[in-house]
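The sequence and the structure come first.

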Amino acid sequence: MDERRHDMNDEDRERIRTREVDVLSDGWSRLESVRFDYRRRDGEWETQTREVYDRGHGAAILLHDVERRRVVLVRQFRYPAHAATGRGFLLEVPAGMLEDDDPVATVIAETEQETGYRIGRPTFAFAAYVSPGSVTERIHCFTAACEPGSRIADGGGLAEEGEDIEVHDVDLDEALAMVSDGRIEDMKTILLLQHAALHLFAVG
């Protein structure tokens, strides 16, 4: 797997002792209430309780055309965003939940399904937790070059999975402006756009 890891050392691991795990919900995702003992920096132990939401891990990709200074984004409806702000149609990078624990295969498949672009092996950029205070999900982020000729289909996602996806070819500077003025609110997309601006489109 294309991923840099920093594992917990033994000293840190010994500061956590899981006592009890109760499953609160186990539908599409799993919600648990966990009681654990935590050793503070001063050596004192205390018991804490956290709710942990486990929906698996994901992978995302930014398609880019450096010569044309364009990126490929998708627009789709997200009900939780709609419930929170009324702005449920989000511009995002293509992404999906991991298939067979394989981030590379996942982004290759999601790219073609959502955008119609066929790509080779993508370049690993970084992996990051979505919301580590309560959610276990970690997203593996990639980039890949693309050009108009590599688009072999319309994309749009899988209708049988309820997907109804628009494909947008966007100027990089416009995409960054959308981050600043709030038209792009998806975290993985913001991080990948900033990564691209710093490392893929940088001049000099």
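Q: Is Asp-100 buried or exposed?
A: This is a predicted model. Asp-100 is found in the loop between β7 (95-97) and α3 (103-115). A residue counts as exposed when its relative accessible area is over 50%. Asp-100 reaches 75% relative accessibility, so Asp-100 is exposed.

Q: In which loop does Arg-69, with its positive phi, lie?
A: Arg-69 is a residue other than glycine, and its phi is near 55°. Its relative accessible area is 30%, which makes Arg-69 partly exposed. Arg-69 lies in the loop between β4 and β5.

Q: How many residues apart in sequence are the parts that the salt bridge of Asp-173 and Arg-69 ties together?
A: The side chains of Asp-173 and Arg-69 meet in a salt bridge, at 3.2 Å from N to O. Asp-173 lies in helix α4 (residues 172-181) and Arg-69 in the loop between β4 (58-65) and β5 (70-77), so the pair ties together parts whose separation in sequence is 104 residues.

Q: Is Asp-173 buried, partly exposed or exposed?
A: Buried means under 20% relative accessible area, exposed means over 50%, and partly exposed is in between. The relative accessible area of Asp-173 is 39%, so Asp-173 is partly exposed.

Q: Which helix holds both Arg-13 and Asp-10?
A: Arg-13 forms a salt bridge with Asp-10, with the closest N and O atoms 2.7 Å apart. The two residues are 3 residues apart, about one turn of the helix. An α-helix has 3.6 residues a turn, so residues three or four places apart point the same way. The helix that holds both Arg-13 and Asp-10 is α1 (residues 10-13).

Q: How many salt bridges does a search of the whole structure find?
A: Side chains of opposite charge can pair when their charged atoms come close. Some salt bridges are linked in a network, which joins Asp-65, Arg-68, Arg-70 and Asp-169. The search of the whole structure finds 19 salt bridges.

Q: Which element gives the most to the largest nonpolar core?
A: The largest nonpolar core has 21 residues, and those that touch the most other members are Ala-60, Leu-62, Val-71, Leu-73, Ile-184, Leu-192 and Leu-193. Two or more residues each come from β4, β5, β8 (123-129), β9 (138-145), α4 and α5 (187-199). With 4 residues, the element that gives the most is α5.

Q: How many residues are in the other core, which lies apart from the largest one?
A: This other core includes Ile-61, Val-72, Ile-119 and Phe-142. Its number of residues is 13.

Q: Within what arc do the buried residues of α4 fall?
A: The buried residues of α4 are Leu-172, Ala-175 and Met-178. They line one face of the helix, because, seen down the axis of α4, they fall within an arc of 115°.

Q: How far apart in space are Ala-128 and Lys-188, C-alpha to C-alpha?
A: Ala-128 is found in strand β8 and is partly exposed, with a relative accessible area of 25%. In sequence, Ala-128 and Lys-188 are 60 residues apart. In space, their C-alpha atoms are 8.7 Å apart.

Q: What accessible area do Phe-77, Tyr-79 and Phe-89 have together?
A: Phe-89 has its place in strand β6 (residues 89-92). Phe-77, Tyr-79 and Phe-89 form a nonpolar patch on the surface. Their accessible area together is about 360 Å².

Methods:
Residues numbered from 1 in each chain as written. Predicted model: local features only at pLDDT ≥ 70, side-chain atom pairs only at ≥ 80, totals over all residues. Heavy atoms only, no water. Patch = residues over 30% accessible without salt bridge, like charges linked within 9 Å, V, L, I, M, F, W, Y side chains within 5 Å. Areas by Shrake-Rupley, 256 points an atom, 1.4 Å probe, with all protein chains shown as cover. Salt bridge = Lys/Arg side-chain N within 4 Å of Asp/Glu carboxyl O. Buried < 20%, exposed > 50% of the residue type's maximum accessible area, 1.4 Å probe, protein only. Core = buried A, V, L, I, M, F, W, Y, C linked by side-chain atoms within 4.5 Å. Arc of directions from axis to C-beta.
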